[in-house]
Amino acid sequence: MTDMIPPVADTAAHSFNELPLPPGIQATLQQLEYLTMTPIQAASLPIALAGHDLIAQAKTGSGKTAAFALTLLTKLNPRRFAVQAMVLCPTRELADQVTQEIRRLARFADNIKVIALCGGTTMRPQMASLEHGAHIVVGTPGRIMDHLERGSLNLEALNTLVLDEADRMLDMGFYDDIAYVAKRCPAQRQTLLFSATYPEGIARLARQFLRNPQEVKLLEQHEASKIRQRFYEVKHEERLQAVGLLLKHYRPVSTLAFCNTKQQCRDLLEVLHAQGVHALTLNGDMEQRERDQVLIQFANRSCSVLVATDVAARGLDIAQLEAVINVDVTPDPEIHIHRIGRTGRADEEGWALSLCSASDKRRVAAIAQMMGSEPEWHALSELENDNDEPLVPPMVTLQILGGRKEKIRPGDVLGALTGEAGFTREQVGKITVTDQSTYVAVARDIAREAVRKLSAGKVKGKAVKVRALED
Ligand code: ADP
Ligand code: MG
């Protein structure tokens, strides 16, 4: 049914110039300093630009968004005010990331309108934006379905359908919603499916909604030198306490701790909190705003440990991660490789630390076989335990009530902190503006003063309410 393209063996850098992209897009790529294609882009773009349906599998952070964004932008006619491309994503935060990336890549033409259609906000403003005409919509299956039912979204002019993070959408039970939406797209279209893993449901989706898809699969190859992997022998009942020992010894600023179950996540969180570690968790029962706050605090370095299951952590693009801890070893070696690939990104080195009881030995053997390397075993007793300084994140997140709706921009907050309040640029970290709130990371030692000064002063000419997201 599908043609298998072997993983690109040549690791030679491929320039975007090799592709039939319009000059405006080429110039934008240069501006963005996208100098060479990532391997998944080099493997999938020639196929997608030639108009074929595609199934592309590659790990998180490999540049899949640009692979489909460049394809749909190349086909887009900006003078036609109709939805020509649609991207389905599992969650609002992923839809937001995708929307931003498409907008960045669409800069060459200043009149391409990209809108996000996700749940968790009211329908009315979305309906108004659709009425004004949009070229590209990005959204979650449920909300897109709502718009189709109400007749506020017209797909007659659609030529490209993208299923992004298809595996995660299936995990979240979106099969029927995806099917509903796909059936309402014109039959004459190109369909692109992106996924980090390849569970059975993907083949079923592909059979039903893709036409003679070509398949590109990039097996993960981490740069071994960047990820230092160690396995620690533990007794089952020591597991949760052992996480604290690893944190004390390695002292990573940001750690992603994987558990196999939600219950284990809850238990670990309790143990870490009792030890005074700043830890947060993500789970499917959280409201969107809570999820946003957790992700923001972790990404801006004001939370030391994010505890999550594989499902909850999938798709997150976190740039700086000093360590991944496998609190539980996963039975699937491919998932293990995916987990540890989160650390050691870019030029940073990272630790991948796994806690293994006797019953996990078989799993470790399978991982070692797949990775083609011998596991490096260590004992907990080797860990240094005399540093009693608590592990504290360098930053604290301040929440300012007021966001995009109030037209607050990052520069307004930076200006307020470095202007009248008198802080330096170095004391201010990441600034994230959401619809209702703005979050700014500040150095821990100025947090209290920053809350006081921001509350007493003004942001964008207005008095604001500010609080620190921890006490
Ligand atoms: P994925 O969807 O595979 O998880 P993303 O599309 O989110 O990955 O890309 C990860 C990061 O890499 C993004 O910050 C993106 O801007 C960046 N990126 C993508 N393609 C390139 C490229 N060719 N050169 C440099 N950076 C890139
Ligand atoms: Mg992605």
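A hairpin of 3 residues links strand S17 to strand S18, strands being DSSP runs of E with at least two residues, numbered from the N terminus. S17 spans residues 428-433 and runs antiparallel to S18, to which 4 bridges join it; two strands count as paired if DSSP finds at least two bridges between them. In this pairing, valine 428 stands opposite valine 442 of S18.

The model is predicted, so that local features need pLDDT of at least 70 and side-chain atom pairs pLDDT 80 or more, while totals for chains, interfaces and linings use all residues. Residues are numbered from 1 along each chain as written, chains are lettered from A and ligands numbered from 1 in the order written, and side-chain values use heavy atoms, without hydrogens and water.

S18 also pairs with strand S16 (residues 395-401), in the antiparallel sense and over 7 bridges. Here valine 396 is the residue that stands opposite valine 442. S18 itself, residues 437-443, is mostly covered, with 7 of its 7 residues buried, that is, under 20% relative accessible area with a 1.4 Å probe, counting protein chains only.

Attention now turns to ligand 1. Of the 14 residues around ligand 1, those that come nearest are Tyr34, Thr36, Gln41, Gly61 and Thr65; a residue belongs here if one of its heavy atoms lies within 4 Å. A nitrogen atom of ligand 1 lies 2.9 Å from a backbone N or O atom of threonine 36. A polar backbone atom of glycine 61 is 2.5 Å from an oxygen atom of the ligand, and a side-chain N or O atom of lysine 64 is 2.9 Å from an oxygen atom of ligand 1.

Notes. Buried means under 20% relative accessible area, exposed over 50%, partly exposed in between (1.4 Å probe, protein chains only). A polar contact is a pair of N or O atoms within 3.5 Å; within protein, one must be able to donate a hydrogen and the other to accept it, and residues adjacent in sequence count only if both atoms are side-chain atoms.
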